[in-house]
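Biologist: I am new to this structure. Please walk me through its features, one at a time.

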Amino acid sequence: MDNAYKRITDINFGEYDATNYRDSSSRDLFNRIFYRDNRLDQILENNKYFVLGDKGTGKTAYSVYLSNNVIDDTYASIIYMGETEYGKFVRIKEQRDLILSDYTDVWRVILLLLMSDKIYKTEDRSIFNGKSFSKLKEAIDDFYYSAFKPEIKSAIEFVEQAKDSAAVVFEHLRGEMGDSKEIKFSDTRFQSNLMFLEKQFINALEGIKVSKKYIIFIDGIDVRPDNINYNEYLECIKGLAQAVWVLNTSTFQSNKALKKLKIMLLIRPDIFDQMGLHNMNNKLNDNCVLLEWRTTYQHYRTSRLFEVVDKLFRSQQDVQELKNAKVGEAWDHYFPFKVFNHKERALSDSSFIPFLRYSFYRPRDILAYLSIMKKYCKSDQSVFSWEDFNHSQVQKEYSHYLLGEIRDNLAFYHPASDFDLFRNFFQYLKPYVDVKWREFNYNDFVLAYNKFTTHIGNQGNSKPLIFQSADYVLQLLFELNIIAYIEEYRDGVPYQRWYFKERSHANIRPKVKINTTYRMHKGIAQALYVVM
């Protein structure tokens, strides 16, 4: 049966970014390789409003799968926030002198507009006949000259011109509002205009009886545009998080006519931690779906992470028997080798273990490693070998892939110009690192930090925020998974605590231990030129 397996070059390892699977031409492949587990069911639960996960853990993948397929009679769509949209928000803030509560009001109207548009495009037209929803739709068409597009920038324009949009809506709904007196709208009453619009959207949605469930996913907030400073950006997305919470709990779930509607925010856990929501611990447990792929070397075979990768190979086979094979059989075919176990001093570890050692235990990391390995395979190659994994160019390219992921994570908090300084710091740390084990201690780390910050001062530059203190940098390295701290040795083997392994609902932002020994991540050390 081994001869029936596809060659390596015939296996598609997919895209790093699941957004690319929104295209109709790639949906079939994505549907085949997507790993569907109970977290998809959790996302569909009425009381789940936030999908938490680092880059590469699958936030976008789950939302794309649900937007490409109707699951449990649920129609989902994705709204992606980009640099242009955030720029518009900053402009509104400057023009209107907005505060956080104002941002929340703005976001609620935007999200209601997008939800209304999704419903109108999905439901049978008969449910809108003679309803105020139809009048509201006519008003929106008038505002956009019948050219509204279901994009965030169009919705922001509707809010930005709240005076005009409210006036148009009032004219169309005047008959539905009974004996309502003439209402005057002005630019100076921005908040009143927003309140009026929100009320009309809610009334219109209550007046129809939707037959399906709806989810709108908001994606893209983990990437802060370079031209928007951190504090302005944080205020903007805090308002978004508050609006998502209020709409879901106070507008949708508390109203029998709107219970089938839901907005979900895709967000990194460290960013969610800064959203300022009350009773955060309860929200983490009750209203969030946390995407993490932790496993152990001993139990990887039954892990979700292993199943994701095995399915990638299994689902693309032509022979039905191979498609339906047990979990692990496809992997065993393509990776028929063992690797060295330092504790046992023998070739006894599974071929999946080195992928764990070099990754942050995220599906994207392993898919990236496989894609790079494939580039250096022979055209007729049927299986991978240890030499393929250990190829110097493969490991170099993969290490720089991880560095790119770290750069993107860092960019949320610090300007892009700080990244070069961040990389240069490791040249000062390198002399203190035990190259064989990639280890250093706390005192040596502080020495390296002091030498580096002195160098910055000698250059006539002020110390940037990213290097505000040695302990801040240490915590940053821990959160970026560049280092683990060694808590103790067990049977002569160091017990390493990694950020991505320590995090849970109860401990969303674990803290690094001070004054101990630290080990650099095997996959990233090469790109930082700490080891060759």
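Biologist: Is Asp 444 buried, partly exposed or exposed?

Modeller: First, the ground rules. This is a predicted model, where local features need pLDDT of at least 70 and side-chain atom pairs count only at pLDDT 80 or more, while totals for chains, interfaces and linings use all residues. Residues are numbered from 1 along each chain as its sequence is written, and side-chain values use heavy atoms, with hydrogens and water left out. Now the terms: buried means under 20% relative accessible area, exposed over 50%, and partly exposed in between (1.4 Å probe, protein chains only). Asp 444 has a relative accessible area of 21%, so Asp 444 is partly exposed.

Biologist: Where is Asp 444 placed?

Modeller: Helices (H or I, at least four residues) and strands (E, at least two) are DSSP runs, numbered from the N terminus. Asp 444 belongs to helix H21, residues 442–458.

Biologist: How many helices and strands does the protein chain have?

Modeller: The protein chain has 23 helices and 11 strands. Buried residues account for 55% of its 532 residues.

Biologist: How do I read the span of helix H10?

Modeller: Compare it with the expected span, which is 1.5 Å times one less than the number of residues. H10 covers residues 230–252, 23 residues in total. Its first and last C-alpha are 31 Å apart, close to the 33 Å expected.

Biologist: Where does H10 bend?

Modeller: A bend at a residue is the angle between axes fitted to the seven residues ending there and the seven starting there. H10 bends at Val 246, by about 25 degrees.

Biologist: How are aromatic pairs read?

Modeller: Two values describe a pair of aromatic rings: the distance of the centres and the angle of the planes. Rings of Phe, Tyr and Trp (its six-membered ring) pair if their centres lie within 6.5 Å; planes under 30 degrees apart are stacked, over 60 edge-to-face, the rest tilted. The count here is 64 aromatic pairs. Take Tyr 86 and Tyr 233: their ring centres are 4.7 Å apart and their planes at 65 degrees, so the pair is edge-to-face.

Biologist: Which parts does the pair of Tyr 86 and Tyr 233 tie together?

Modeller: Tyr 86 lies in helix H4 (residues 83–96) and Tyr 233 in helix H10, so the pair ties together parts 147 residues apart in sequence. Tyr 86 is buried, at 1% relative accessibility. Tyr 233 is buried, at 1% relative accessibility.
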